[in-house]
Amino acid sequence: MRTPVKFDFSQTPPVTAVFVIPPRVHLLDMSGPAHIFYEASDFGVPIRLAFTSTYARVSEETSSSGLAFAHLESFEGLELQEGDLIFVPGLESHYLTDTAFYDSIQPFLAWLVHQHAKGVKVCSVCTGAFLVAEAGLLDHRQTTTHWKFQQLLKDRYANAEVLTNRLFVFQEGIYSSAGVTSGIDMALFMLEELYGSNFAARVAREVVIYMRRGVEDPQLSIFLQYRNHLEDRVHKIQEWLSHNLDKKHTADQLAERIHTSGRNLTRLFKDTTGITIGQYVEKLRVEHALHLLRENEKVETVARSCGLQSTNQLRSLLRKHAGLLPSDVMS
């Protein structure tokens with residue numbers, strides 16, 4: 001049984017996530033991100049999942065592995081709005097240079113352009129980038145795709161800035177990932193954008209998949225960093241800390257939560273994450289403080305929320321870890 005969560009989505013605007021099923025789609029490119037958003041909906045997020053073909057009047061498609069899809073909705077009937085999502089997964093490679101195929105899906109490509117212009121986010125997984133590029137949406141934008149097809153993407157779409165050695169990239173409402181499991185990374189990142197780091201971490205833990213990013217990508221949120229392990233006892237402590245920064249605690253008090261000693265927890269935490277509990281708490285406080293300051297919370301309120309005794313402690317913490325003062329962050 002799923003344990004109760006503290007997330008409240010009663011005031012959260014609904015989102016539609018559309019998953020495109022091109023002919024001979026690669027299953028994991030589609031099902032991986034789809035399952036991440038399914039898990040989010042299972043936690044109570046108002047997300048509707050929709051599945052459509054690249055052909056308006058086709059309701060069935062068959063994947064590259066032979067699994068068939070039925071009852072697909074027509075993209076022409078989908079009413080999307082700003083903030084909704086469209087995922088375009090990869091497909092068998094012979095389609096990537098098939099002019100007749102691209103000619104046959106022109107209505108879909110035009111629909112894709114129209115949706116992006118409305119503020120709908122377009123997300124490609126693996127070789128799905130070729131369909132997005134064919135629609136012209138990658139012109140003068142950064143993108144990536146599976147490493148085997150990066151040069152082909154560069155050759156066919158000279159106006160696209162194809163980045164290598166990247167799990168995923170995003171620019172101006174266009175997201176693209178390198179393929180297969182990186183589509184899951186991208187989906188988790190999008191959940192973080194939509195609903196916050198803690199929630200993305202919770203979904204990641206639910207499916208036993210943790211975010212990974214390349215060195216060129218934005219820094220991982222501390223709520224997701226140091227979580228790519230399977231030590232459930234440490235996960236419990238990390239979750240409690242992230243929700244209780246304003247509460248004082250000792251190693252022994254934390255250890256009681258996982259029925260061990262403070263000494264053993266201290267060793268276990270360092271061996272599992274590579275940092276101490278104190279270092280982890282400092283990182284949590286910094287990120288939480290930066291978030292609250294960007295929301296223009298009062299400095300005194302931010303300090304208390306982070307479990308600090310004074311605004312001077314907050315200033316010292318931010319200067320040490322971020323090279324900033326509260327006034328540098330507040331708008």
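These legends walk through a predicted model, from the whole chain to a few close-up views.

**Notes for every view.** Residues are numbered from 1 along each chain as its sequence is written, and side-chain values use heavy atoms, with hydrogens and water left out. In this predicted model local features need pLDDT of at least 70 and side-chain atom pairs count only at pLDDT 80 or more, while totals for chains, interfaces and linings use all residues.

View 1. Helices (H or I, at least four residues) and strands (E, at least two) are DSSP runs, numbered from the N terminus. Along its principal axes the C-alpha trace spans about 65 × 45 × 40 Å. For 331 residues, a compact globule would have a radius of gyration near 20 Å, and the 22 Å of the protein chain agrees with this. That radius is taken over C-alpha atoms, and the globule rule is 2.2 Å times the number of residues to the power 0.38. Of the 331 residues, 49% count as buried; buried means under 20% relative accessible area, exposed over 50%, and partly exposed in between (1.4 Å probe, protein chains only).

**View 2. Helix α1 covers residues 27-42.** At 1.5 Å a residue, its 16 residues should span 22 Å, and the end C-alpha atoms agree by lying 21 Å apart. The expected span of a helix is 1.5 Å times one less than its number of residues. Among the buried residues of α1 are M30, P33, I36 and F37. Just after this helix, look for G44, with a positive phi of about 110°.

**View 3. R24 sits in the loop between β1 (15-21) and α1.** Most residues other than glycine have a negative phi. R24 has a positive phi of about 60° although it is not a glycine. Its relative accessibility is 27%, so R24 counts as partly exposed.

**View 4. Helix α6 covers residues 182-195.** Here the 14 residues should span 20 Å at 1.5 Å a residue, and the end C-alpha atoms, 20 Å apart, agree. Because 12 of these 14 residues are buried, α6 is largely enclosed by the rest of the structure. The buried set includes S182, D185, F189 and Y195. Just after α6 comes G196, whose positive phi is about 100°.

**View 5. F101 has its place in helix α2 (residues 99-104).** With 4% relative accessibility, F101 counts as buried. Leaving aside neighbours within four places in sequence, F101 is in contact with P23, Y55, L91, Y95 and L131; contact means heavy atoms within 4.5 Å. For the protein chain, residues 24 or more positions apart account for 62% of the contacts with a separation of 6 or more.

**View 6. E172 is found in the loop between β9 (168-171) and β10 (174-177).** E172 has a positive phi of about 55° although it is not a glycine. With a relative accessible area of 52%, E172 is exposed.
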